[in-house]
Amino acid sequence: VAPNIFIQAAERYDLMRKIDRWVIRNAVKWISANPRIIDQLEYISINLSGKSLGNERFQRYCHDMFSGFNLPYGKILFEVTETAAIADLSMTRHFMLDLRRYGIQFALDDFGSGLSSFAYLRELPVTLLKIDGTFIRQINEDNICRLMVKSMHELAQAMQIRTVAEFVESQAIFDVLREMGLEYAQGFHIHKPEALTILSNN
């Protein structure tokens with residue numbers, strides 16, 4: 001079942017922390033059981049909801065899960081949306097710093113969607129910046145979008161943070177991003193989502 005079908009209902013009925021726990025538990029088990037595949041990947045990305053970020057019990061759960069397995073922690077990356085991160089900036093920062101001690105990385109997702117994005121970036125120990133797709137979709141046609149993405153990328157470079165462009169849906173968009181020097185691209189032009197079981201069988 002696609003996430004866009006059930007996440008809205010899960011948020012409404014306060015089930016996101018349970019879902020996040022399920023995802024982390026199963027991701028950790030999969031990582032532990034597939035070292036050959038993990039060796040070929042730069043990182044495994046796991047999305048977290050804002051409900052989990054500000055919850056101390058959830059933080060303890062992460063500790064218990066990670067201490068119970070022998071994992072390549074440097075290849076685990078949590079994605080946190082900018083909106084969720086700034087809902088409780090102090091708690092989010094504490095959570096990130098705590099797990100960074102394991103070597104776990106963090107990405108700030110949908111960057112640029114908030115009014116004070118640049119200011120918040122200074123406060124959060126992220127290693128990856130995912131630029132919001134609303135700026136990417138028209139980057140090959142709209143000079144303003146191009147300038148905004150360029151400024152985000154240059155700021156990230158100055159802070160030694162790598163950048164990801166979301167919603168890369170054509171070769172024309174990809175070419176502009178490559179010319180600008182962004183490190184990563186994500187979107188249907190690169191690859192469509194598929195089940196982990198397919199990856200495990202390849």
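Predicted model: local features only at pLDDT ≥ 70, side-chain atom pairs only at ≥ 80, totals over all residues.
Arg-60 belongs to helix H5.

With a relative accessibility of 6%, Gln-59 counts as buried, since buried means under 20%. Leaving out residues up to four places away in sequence, Gln-59 touches Leu-53, Met-91, His-94 and Phe-95.

## Packing of H2 and H5

Two packed helices are described by the distance between their axes and by the angle between those axes. For helix H2 (residues 16-33) and helix H5 (residues 56-67), the axes come within 11 Å and cross at roughly 10 degrees. Angles under 35 degrees count as roughly parallel, and H2 and H5 are therefore roughly parallel to each other.

The H2 side of the contact consists of Asp-20, Arg-21, Ile-24, Arg-25 and Val-28. These residues meet Arg-57, Phe-58, Tyr-61, Cys-62, Met-65 and Phe-66 in H5.

## Tyr-43 and its contacts

Tyr-43 sits in the loop between helix H3 (35-40) and strand E1 (44-48). Its relative accessible area is 21%, so Tyr-43 is partly exposed. Beyond its neighbours within four places in sequence, Tyr-43 is in contact with Lys-75, Leu-77 and Leu-128.

Tyr-43 and Val-28 are 15 residues apart in sequence, and their C-alpha atoms are 13 Å apart in space.

## Salt bridges

Side chains of opposite charge can pair when their charged atoms come close. With a cut-off of 4 Å between a side-chain nitrogen of Lys or Arg and a carboxyl oxygen of Asp or Glu, the count comes to seven salt bridges. Among them is the pair of Lys-130 and Glu-79, whose closest N and O atoms are 2.9 Å apart. This pair links distant parts of the chain: Lys-130 is in strand E4 (residues 128-131) and Glu-79 is in strand E2 (residues 76-81), 51 residues apart. Lys-130 counts as buried because its relative accessibility is 3%. Glu-79, at 8% relative accessibility, counts as buried as well.

Glu-169 forms a salt bridge with Arg-137, with the closest N and O atoms 4.0 Å apart. Glu-169 lies in the loop between E5 and H11, and Arg-137 in the loop between helix H9 (133-136) and helix H10 (143-158), so the pair ties together parts that are 32 residues apart in sequence. Glu-169 is partly exposed, with a relative accessible area of 46%, and Arg-137 is partly exposed at 42%. A further salt bridge joins the side chains of Lys-150 and Glu-154, at 2.6 Å from N to O. Lys-150 and Glu-154 are four residues apart in helix H10 and are therefore separated by about one helical turn. Both residues are partly exposed, Lys-150 with a relative accessible area of 39% and Glu-154 with 40%.

## Positive phi angles

Asp-110 is not a glycine, yet its phi is positive, at about 55 degrees. Asp-110 lies in strand E3 (residues 105-111). With a relative accessible area of 25%, Asp-110 is partly exposed.

Phe-167, which is not a glycine either, has a positive phi of about 60 degrees. Its place is in the loop between strand E5 (162-165) and helix H11 (171-180). Phe-167 is partly exposed, with a relative accessible area of 37%.

## Nonpolar surface patch

A nonpolar patch on the surface is formed by Val-1, Ile-5 and Phe-6. Together these residues have about 340 Å² of accessible area.

Val-1 belongs to the segment before helix H1 (3-12). Val-1 counts as exposed because its relative accessibility is 83%, and exposed means over 50%.

Notes. Residues numbered from 1 in each chain as written. Heavy atoms only, no water. Patch = residues over 30% accessible without salt bridge, like charges linked within 9 Å, V, L, I, M, F, W, Y side chains within 5 Å. Areas by Shrake-Rupley, 256 points an atom, 1.4 Å probe, with all protein chains shown as cover. Helix = DSSP H or I, 4+ residues; strand = E, 2+ residues; numbered from the N terminus. Buried < 20%, exposed > 50% of the residue type's maximum accessible area, 1.4 Å probe, protein only. Axes fitted to C-alpha atoms, helices over the stretch in contact; angles between N-to-C directions. Parallel < 35°, antiparallel > 145°, perpendicular 65-115°, else oblique. Contact = heavy atoms within 4.5 Å.
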